[in-house]
Amino acid sequence: MKQKIRLTIISVILFLAIAITAGIMMYSKFAPSKKVMDLYEYYQTADEDDVVLILQNEIYEQKGKIIDGKIYVDYDTVTSYFNKRFYWDDNESLLIYTTPTEIIKSEVGSKDYYINKSKKSMDYAITKVEDGTVYIALDYVKEFSDVKYTLYEDPNRVVITYVWGEEFLYADIKEATQLRYKPTVKGDILKQLKKGDRVQIIIDEEEINKRFTKIMTEDGIVGYVKNSMTKNSYYEAEESNFKKPDYTSISKDYKINLTFHQVTNQTANNHVLEYLGNTKGVTTISPTWFKVSSVEGDVESLASETYVQRAHNYGVEVWALVDDFTNGIDMTKLLAYTSRRDKLSNELIALAIKYNLDGLNLDFEKIPEAAGQDYIQFLREMSVKCRNNGIVLSVDNYVPSAYTTHYDREEQGVLVDYVITMAYDEHINGSDGSGSVASIGFVTDAVKNVLEEVPAEKNIIAIPFYTRLWEESDDGVTAKAYSMEQAQTILDQNNAEAKWDDETKQYYAEYERDGKTYKIWLEEEKSLEEKLKVIMENDVAGIASWKLGLEKSSVWNVILKYVN
């Protein structure tokens, strides 16, 4: 009997032991973790000079610096997120910021900055360079940018707001709870939340969880709370009272009819009235007077005071063209140096004033992708100087394409007075076979695409007064450009009949001679009218034409139907 009792007791003890062990295991599996994660580990920061950047509601991978009590953010982050108009000259160690009317410069490590030539100072170094990385004081960025920030400590982190007017989802914490590192009760605790704490709900399509909500606290900690722990959710957009700079432009109260006049020597200037006398309705002439002649920013000039006086007497404005076609000029080496950009822009402004020019037209067609930011900075600086001197600034551009995005037409549309799109040279050489200089589809796409980046009132669309005769042989495909009259003469001499091609909206002809095939898509009154319909139905600022002297006189009657 006693042995049975002992066995029973042992069995009960074993059962209880197993039950307790199972209970402990079950509790261990499902009980909330009480482990607190160290925030230094969470933010992965160890250097006391580091400051974690929280951009809106995301913890940014790149860290800032705290130097002498000031927050510094790397240049790439500043220009990518807060203000793309900061520019760093790595060659001359200068930080430049350009407003509509001012060029503001600061040397690395200096507390001083110069607005044009007027000196001002901060109580901190504006820029620092550490381990090859350029850092800008966040307070200095804030002077010119629509951002606000709050700094928190232990560890150092700064929550930066730079998106305004966009609604984000917020909620209140229902009762005291824990913010966890992972969407599970086993996740480490990041912070104890109090009842009524305001949090931002982060909607992450890749992290949908039926039991937990991803949130960010006001002090920049991102983690998870149980769904039941939030209440009173609402959308709210932060508003800003920051006053953005006003980029004023010179805007004509008429449709512009600009024509390019190719001038290769001083003698050519003498014929301006002869050329203008054959036109109708031209408002603006752009003589090809100025060439960038060195990487130091020198300019060669064919300008003529008499030419300008004669054009003005004829009621026509003069926007002199500046090109970068001189062989051997590396535009990257020119534009990447502030002193060289200054020399170039100052020379151009001086020439414009000297010759009483109404405007300048920049025709820089050799800008490599690597020099894109330097080119746009040059336009910023040129726009300031032109704006301050009442000089119209227009810029020529290729049609929008993947390989010309570095020309940044959208920023051009803010900075300059007029953006001119060269809606021609659809086919240039034989590499892609024979074809039109400017088919209707090519022009239509050019207008449509540039209007997505530049306002209509700043858009001028350039059309061709020339065509190309294509020669196809066993040796390949070559082309030569001809005027309208020359092209018709060639067809007459070869008894070739041009027929209307409804796809390109041009007359097309071809003929055989000496074992070679010749093809041509003509530019004349009817083809230009089809282009003008497309251009002007989009209510753009006007048209341009390349080039004066290649057109039939009858073309001007067609242009007058659509422009002025």
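Buried means under 20% relative accessible area, exposed over 50% and partly exposed in between (1.4 Å probe, protein chains only). The model is predicted: local features need pLDDT of at least 70 and side-chain atom pairs pLDDT 80 or more, while totals for chains, interfaces and linings use all residues. Residues are numbered from 1 along each chain as its sequence is written, and side-chain values use heavy atoms, without hydrogens and water.

**Exercise 1.** Determine whether Ile376 is buried or exposed, and list what Ile376 touches.

Solution. Step 1: Ile376 is placed in helix H10; helices (H or I, at least four residues) and strands (E, at least two) are DSSP runs, numbered from the N terminus. Step 2: the relative accessibility of Ile376 is 4%, so Ile376 counts as buried. Step 3: contact means heavy atoms within 4.5 Å. Not counting residues up to four places away in sequence, Ile376 touches His406, Tyr407, Asp408, Glu411, Gln412 and Leu415.

**Exercise 2.** Describe how helices H14 and H15 pack.

Solution. Step 1: H14 (residues 525-536) and H15 (residues 555-562) have axes 10 Å apart, at an angle of about 20°. Axes are lines fitted to C-alpha atoms, for helices over the stretch in contact, and angles run from 0 to 180 degrees between N-to-C directions. Step 2: angles under 35 degrees count as roughly parallel, over 145 as roughly antiparallel, 65 to 115 as roughly perpendicular and the rest as oblique. H14 and H15 are therefore roughly parallel. Step 3: on the H14 side, Glu525, Leu528, Glu529, Leu532, Lys533 and Met536 meet Val555, Val558, Ile559, Lys561 and Tyr562 of H15.

**Exercise 3.** Which residues does Leu348 contact, leaving aside neighbours within four places in sequence?

Solution. The contacts of Leu348 are Phe290, Val299, Val322, Leu360, Leu362, Phe378 and Met382, once those neighbours are left aside.
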